Amino acid sequence: MACKNAKNAIPYQKTSCIIAGAERSTAQVELKNEPKIVGFHTLGCKVNQSETEAMTALFLQRGYQLGEFEQYCDVYVVNTCTVTHAGDRKSRQMIRRAKHINPKAIVVVTGCYAQTSPENVAAIEDVDIILGTNKRHLIVDLVEQFDGRRQQLVDAKDSLTDFEEITMERVIQKARAYLKVQDGCEQFCTYCIIPYARGPLRSRSMANTLQEAKKLEQAGFQEIILTGIHLGAYG
């Protein structure tokens with residue numbers, strides 16, 4: 001099980017950089033043909049890491065380049081955790097750090113903290129887009145919508161009822177792939193916020209799971225790790 005309690009939470013995991021020299025001059029940034037750079041910072045569990053890789057693939061499919069979060073990017077995505085107060089605090093720190101690096105960047109806050117406390121996230125001056133733990137397949141559309149209007153967008157509704165089957169792609173050269181097959185929890189333990197952050201139990205269909213596993217194998221991954229909030233409740 002991932003994210004079952006604070007002990008399982010990982011402080012943070014940054015993505016690898018597949019481009020060199022992410023810092024660019026103002027003149028370079030303004031070139032119309034220059035691909036935009038997106039950087040990710042992931043806090044929390046293996047499920048969050050899996051979802052970050054899926055969102056990374058969506059950006060790359062739309063022509064973005066993957067950059068290092070600590071360097072110049074046009075878009076920063078903070079995939080947050082809220083299992084502990086420390087997770088909330090680190091999420092806020094990374095949100096503010098993004099705009100410090102590039103004040104003109106678009107900052108997207110997604111994940112569990114964005115889902116459970118969207119009003120707190122919206123109050124942070126540097127946040128442009130708030131996307132909870134659902135509809136992550138729309139993240140690139142929301143970024144481009146914001147880029148045209150420059151008005152804060154919030155989509156963190158409570159209707160977490162369907163499993164979001166985002167196709168995985170091999171965007172980072174490594175041997176191991178995380179395949180999310182289950183989401184949500186209905187235990188409602190006194191100490192745990194996960195049911196509120198992730199919604200009710202729901203699972204990836206067996207047909208889609210096998211299809212995705214085959215794609216990952218063909219892409220060259222040597223190991224596939226199944227992830228979920230409550231894997232024992234799959235199906």
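The questions and answers below go through a predicted model of one protein chain.

User: How are residues numbered, and which confidence limits apply to this predicted model?
Analyst: Residues count from 1 along each chain as its sequence is written, and side-chain values use heavy atoms, with hydrogens and water left out. In this predicted model, totals for chains, interfaces and linings use all residues, whereas side-chain atom pairs count only at pLDDT 80 or more and local features need pLDDT of at least 70.

User: How many helices and strands does the protein chain have?
Analyst: Helices (H or I, at least four residues) and strands (E, at least two) are DSSP runs, numbered from the N terminus. On that basis the secondary structure comes to 8 helices and 10 strands.

User: What percentage of the residues in the protein chain is buried?
Analyst: Buried means under 20% relative accessible area, exposed means over 50%, and partly exposed lies in between (1.4 Å probe, protein chains only). Of the 235 residues in the protein chain, the buried share is 51%.

User: Which strands do the buried residues of H8 pack against?
Analyst: Helix H8 covers residues 206–218, and its buried residues are Asn208, Thr209, Glu212 and Leu216. These lie on the same side of H8 because they cover an arc of only 100 degrees around the axis, the arc being that of the directions from the helix axis to the C-beta atoms. With contact taken as heavy atoms within 4.5 Å, they pack against strand S8 (176–183) and strand S10 (223–228).

User: Which exposed residues does H8 carry on the face turned away from its buried side?
Analyst: An α-helix has 3.6 residues a turn, so residues three or four places apart point the same way. The face of H8 turned away from its buried side carries the exposed residues Ala207, Leu210 and Gln218.

User: How many of the 16 residues of H2 are buried?
Analyst: H2 reaches 23 Å from its first C-alpha to its last, close to the 22 Å expected at 1.5 Å a residue; the expected span is 1.5 Å times one less than the number of residues. Just after H2, Gly63 has a positive phi of about 95 degrees. H2 is mostly covered, and its buried residues number 13 of 16.

User: Are H2 and H6 oblique or roughly parallel to each other?
Analyst: Helix H2 (residues 46–61) and helix H6 (residues 139–149) have axes 9 Å apart and pack at an angle of about 55 degrees. Axes are lines fitted to C-alpha atoms, for helices over the stretch in contact, and angles run from 0 to 180 degrees between N-to-C directions. Angles under 35 degrees count as roughly parallel, over 145 as roughly antiparallel, 65 to 115 as roughly perpendicular and the rest as oblique. H2 and H6 are therefore oblique.

User: Which residues make the contact of H2 with H6?
Analyst: The residues of this contact divide into 6 nonpolar, no polar and no charged. Nonpolar here covers Ala, Val, Leu, Ile, Met, Phe, Trp, Tyr, Cys and Pro; Asp, Glu, Lys and Arg count as charged, and the others, Gly among them, as polar. H2 supplies Met55, Leu58 and Phe59, and H6 supplies Ile139, Val140 and Val143.

User: Is Arg150 buried or partly exposed?
Analyst: Arg150 is found in the loop between H6 and strand S7 (153–155). Although not a glycine, Arg150 has a positive phi of about 55 degrees. With 45% relative accessibility, Arg150 is partly exposed.
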